[in-house]
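Hi everyone, thanks for coming.

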Amino acid sequence: MAKFYLNKEVQAQVGNQIHDSECDKLPARESLRYIGSYSNPQAAQQDVKMFHETVTFCPHCLG
Ligand SMILES: [Zn+2]
């Protein structure tokens, strides 16, 4: 299981991005919301998709 975070700030084109907790490019803590612990990033995406229009994966840690 890995821990996933969501960037609360919407970015152009990519919307809200999901990061692994180990990501080198993790945004500042105040911009992040902890999503939870999942066996795969798709499951994390599923849980936040209903609250955000566009949810994508960080290309550095989940690309
Ligand atoms: Zn990342």
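Let's begin where helix H1 starts: there, an oxygen in the side chain of Asn40 comes to within 3.1 Å of the backbone nitrogen of Gln42. Keep in mind that this is a predicted model.

Now on to the helix itself. H1 runs over residues 41–49, and Pro41, Ala44, Gln45 and Val48 are buried in it. Where around the helix do they sit? They span an arc of only 100° around the axis, so they end up on the same side of H1. And what lies over them? The cover includes four strands: E1 (2–7), E2 (16–20), E3 (32–38) and E4 (55–57).

Take a look at Phe4 in particular. Leaving out neighbours within four places in sequence, Phe4 has contacts that include Ile18, Ile35, Tyr38, Ala44 and Leu62. Phe4 also touches Asn40, Pro41 and His19.

His19 brings us to the metal. Which atoms hold the zinc ion? They are ND1 of His19 and the SG atoms of Cys23, Cys58 and Cys61, at 2.2 to 2.3 Å. Along the chain, the donors are spaced as H-x3-C-x34-C-x2-C. His19 and Cys23 are both buried. Why do we call the site tetrahedral? Because the angles between the four donor atoms around the zinc ion are 97 to 122°. For comparison, the ideal angle for four tetrahedral donors is 109.5 degrees.

How values were computed
Residues numbered from 1 in each chain as written. Predicted model: local features only at pLDDT ≥ 70, side-chain atom pairs only at ≥ 80, totals over all residues. Heavy atoms only, no water. Donors = N, O, S within 2.8 Å, 3.2 Å for Na, K, Ca; no water. Tetrahedral: all angles 85-135°; square planar, octahedral: opposite > 155°, others 65-115°. Buried < 20%, exposed > 50% of the residue type's maximum accessible area, 1.4 Å probe, protein only. Helix = DSSP H or I, 4+ residues; strand = E, 2+ residues; numbered from the N terminus. Arc of directions from axis to C-beta. Contact = heavy atoms within 4.5 Å. Polar contact = N/O pair within 3.5 Å; in protein donor to acceptor, adjacent residues only side chain to side chain.
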